Amino acid sequence: MSINGVEELEYMDEEGEIEEGDFVVLEYPNGPTNGDEPDDDEYAQLIRITDTSAAEARRGKDIQGIPWDRLQVTRQEYRKTRVEQYKNYENFPNSSDLVEKTCKQVKKGSTYYDFQYNARAVNPLILHFQLRNLVWATSKHDVYFMSDASAVYHWSSLSHKLTEVLNFSGQVTPVERYPGSVQEGLFGVNVTTFTVNEGLLIAGGFQGELICKALDRQGVSFCARTTFDENAITNAIEIYKDFRGGTHFMVANNDCRVREFDVEKFQLRNHFRFPWSVNHTSISPDRKFMTVLGDDRDGLLADSQNGKVISKLSGHVDYSFASAWHPSGIYFATGNQDKSCRIWDVRNLSSSLSVLKGNIGAIRSVRYSPDGQFLFFAEAADFVHVYNSSLNYNKRQEIDFFGEISGISLGPDDDSLYIGVWDRVYASLLHFKRRQAYEYLDLFV
């Protein structure tokens with residue numbers, strides 16, 4: 001993955017085109033009038049927007065609180081302009097055009113998850129333009145996300161309370177002692193990715209830092225530098241139970257390495273090297289296999305115990321940054337900068353089963369629901385797609401909004417979907433609730 005993404009988050013390109021990672025400034029969708037920026041009063045009026053509930057959305061309020069009636073453009077007009085002008089980041093120019101004809105054509109229109117709440121007090125920040133795994137739900141009511149460029153927060157959808165969990169702005173020093181831990185701590189960590197699972201929060205940094213915190217204890221348990229390579233970015237982390245029931249986590253780095261640690265003593269258990277920077281890994285439900293995706297058009301399926309490559313995954317035409325396993329362990333999905341998500345069957349990896357298409361940007365996040373009924377994938381901005389995997393991916397819901405996506409996450413009970421939306425004005429955490437058969441009438445109450 002690119003190591004120059006920090007600057008690209010904040011500035012438009014010279015021609016004024018919308019780049020992946022740019023701000024969405026909706027107060028002047030076609031540029032400031034007469035070259036003037038909005039004054040303080042006008043800007044304050046724009047950002048003075050309250051949370052949005054499901055009841056308000058049913059009465060016609062925009063789910064993001066965007067006051068379209070006060071803007072110089074309608075939502076439909078801005079959507080059309082956005083689709084036409086958004087510039088997808090690609091390592092291989094026009095890669096999305098090469099897969100266009102192979103993508104499955106599935107009409108949108110199904111509704112599996114209904115809008116529940118938009119928390120405007122939440123600002124799920126994006127810290128690298130290619131890495132979008134910064135939102136994690138641990139229950140249908142509890143979600144963790146990065147904000148303020150330096151901290152992980154917890155949001156409760158029950159109490160609407162926001163709590164800081166871990167701050168990285170100063171010195172982060174472990175309160176427990178383990179071999180290999182940097183006891184003097186780490187300073188000024190620029191977090192690139194994090195995950196929460198099994199009562200543990202683990203964050204990775206731009207310089208290969210690793211910080212582990214138990215959610216039920218004060219302080220940080222473990223700090224380390226996994227690598228001193230000059231190209232050290234921590235791209236992805238996954239926490240899981242091994243086949244013996246022990247808690248482990250796997251870390252993918254830009255130094256072409258994948259490392260597996262145990263949680264009991266935070267010791268390195270496996271260390272695998274691959275030919276290119278590893279952007280994402282995902283371990284299979286039976287813990288036998290792992291996907292390995294990175295700075296190569298082909299991905300890999302590897303043995304999770306020894307790192308041996310089992311098969312190449314050929315079909316994508318750009319770099320991949322996301323993957324997820326179906327709970328059956330037979331199927332998995334991969335997301336790519338060619339704006340496609342491919343479905344694979346471990347029993348026959350000669351080609352993918354299906355190719356599902358995004359609208360405007362790279363597929364940066366992929367998830368299966370815990371029951372396996374749905375596949376979710378998020379583009380870099382504006383769109384999250386929900387496919388019914390139990391119907392052979394022939395029906396889908398399209399969740400449409402405006403803003404860069406910092407991450408998507410489902411609660412372990414399938415009931416809640418959280419989407420982090422990063423924007424200078426309309427940043428928020430969107431909460432969707434799975435539609436149940438008995439809720440159809442509730443939508444009209």
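Start with a pair of residues. Phenylalanine 115 stands opposite phenylalanine 432 in strand 32. A strand here is a DSSP run of E of at least two residues, a helix is a run of H or I of at least four, and both are numbered from the N terminus.

A word on the source. This is a predicted model: local features need pLDDT of at least 70, side-chain atom pairs count only at pLDDT 80 or more, and totals for chains, interfaces and linings use all residues. Residues are numbered from 1 along each chain as its sequence is written, and side-chain values use heavy atoms, with hydrogens and water left out.

Back to the strands. Pairing takes at least two DSSP bridges between two strands.

Next, helix 4, residues 75-85. Helix 4 packs on the sheet and touches strand 29 (381-388) and strand 30 (396-410). Contact means heavy atoms within 4.5 Å. The direction of helix 4 makes about 65 degrees with that of strand 30. For that angle, axes are lines fitted to C-alpha atoms, for helices over the stretch in contact, and the range is 0 to 180 degrees between N-to-C directions.

What is the strand order? The sheet is open, with 8 strands in the order 2-4-32-31-30-29-28-27, paired antiparallel. Strand 2 (52-53) and strand 27 (363-368) stand at the edges with a single partner strand each, so one side of each has no neighbour in the sheet.

Now one residue. Alanine 224 sits in strand 14, residues 222-225. Is alanine 224 buried or exposed? Buried, at a relative accessible area of 8%. The cut-offs are under 20% for buried, over 50% for exposed and partly exposed in between, with a 1.4 Å probe and protein chains only. Leaving aside residues up to four places away in sequence, alanine 224 touches Gly180, Val182, Leu186, Gly208, Glu209 and Leu210.

Last, the lining of the largest pocket. A pocket is an open set of points on a 1 Å grid over the protein atoms alone, where a 1.4 Å probe fits, with protein on both sides within 12 Å along at least five of seven lines; lining residues have an atom within 4 Å of a point. There are 36 lining residues, and Trp136, Asn197, Glu238, Ile239 and Arg367 lie nearest the centre. Strand 15 gives the largest share, 6 residues.
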